[in-house]
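Subject: Structure handover

Hello,

Please find the structure below. My notes on it follow.

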Amino acid sequence: MTDQIDALKALQMALARLGYYTGAIDGLFGSRTEAALKAVAAEGGAIRNLKHPAASTPTGPMIFQGSVRYPVDEIVIHCAATHPDWMRGQPLTAKRKEIDRWHREERGWRKIGYHHLIDRDGAILPGRAETEIGAGVEGHNRGVIHICLIGGAGSAATDPFERNFTAAQDRALRGLIDAIRAETAITRITGHNDHAAKACPGFVVRNWINRA
Ligand SMILES: [Zn+2]
């Protein structure tokens, strides 16, 4: 039974990473999981990473970005710097649309810079495809997957995770990192504040990782 739940969690995570599923990663086969699978089938899509999470660990880069094919070996964590109740009650798709608008209109980027968003309730939604070079850290984007947590307004670089983010976000972020690691060898997991004098993501990533 536990194996079945783990396998279903891995499936939900794979569907979430591809943008088909925004429900909880709970290993329960509900209407949202069913709808996501139907959507994949309708598009003739293939789901990667359906193996059991413990099946095997890649020894090298398996995800590549851009036409130059930079190997992905790092995850950088960010926050949206939004208040805890920002767009409360609206779906994560609406929040992604708003962040996409900021990045286009205020930064002049061609689309949202992050590869994944994690909402307050732990829902996960892709931004850019993992095979595209993102925009998250100035001069440090090749071979990086950028993950953005919704929230974090007024945070400091040294805050504990739970001061600015939810337990559901903690679980979702760890699950997403595990799912990416099951597919490609990640050698560094950092925060924006490890690369620049910024508060983002509003916690010390290495402390948070080591706490698990
Ligand atoms: Zn950032």
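The domain assignment of the chain gives domain 1 (2–42) and domain 2 (64–211); such bounds come from an automatic or database domain assignment. This is a predicted model, in which local features need pLDDT of at least 70 and side-chain atom pairs count only at pLDDT 80 or more, while totals for chains, interfaces and linings use all residues. Residues are numbered from 1 along each chain as its sequence is written.

How the domains meet

The C-alpha centres of domain 1 and domain 2 are 21 Å apart. Contact is made by 10 residues of domain 1 with 11 residues of domain 2 (two residues are in contact if their C-beta atoms, placed from the backbone, lie within 7 Å). On the domain 1 side that touches domain 2 there are 6 nonpolar, 3 polar and 1 charged residues. Here Ala, Val, Leu, Ile, Met, Phe, Trp, Tyr, Cys and Pro count as nonpolar, Asp, Glu, Lys and Arg as charged, and the others, Gly among them, as polar.

Helices

Helices (H or I, at least four residues) and strands (E, at least two) are DSSP runs, numbered from the N terminus. The axes of helix α1 (residues 2–17) and helix α5 (residues 167–181) come within 10 Å and cross at roughly 85°. Axes are lines fitted to C-alpha atoms, for helices over the stretch in contact, and angles run from 0 to 180 degrees between N-to-C directions. α1 and α5 are therefore roughly perpendicular to each other (65 to 115 degrees). Where they meet, α1 contributes M13, A14 and R17, and α5 contributes G175, L176 and A179.

Helix α2 (residues 31–42) has 12 residues, which at 1.5 Å a residue should span 16 Å, and its end C-alpha atoms are 16 Å apart, which agrees; the expected span is 1.5 Å times one less than the number of residues. Just after α2, G44 has a positive phi of about 65°.

Sheet

An open sheet of 5 strands runs in the order β5-β4-β6-β3-β7, with mixed pairing. Its edge strands, β5 (124–126) and β7 (188–191), each pair on one side only; two strands pair if DSSP finds at least two bridges between them. Strand β4 (residues 116–118) and β5 run antiparallel and are joined by 3 bridges. L117 stands opposite L125 in β5.

Loops

A cis peptide bond, with omega about 10°, joins C200 and P201. P201 lies in the loop between β7 and α6 (205–211). R69, in the loop between β1 (64–65) and β2 (70–71), has a positive phi of about 60° although it is not a glycine.

Regards

Key:
Angles under 35 degrees count as roughly parallel, over 145 as roughly antiparallel, 65 to 115 as roughly perpendicular and the rest as oblique.
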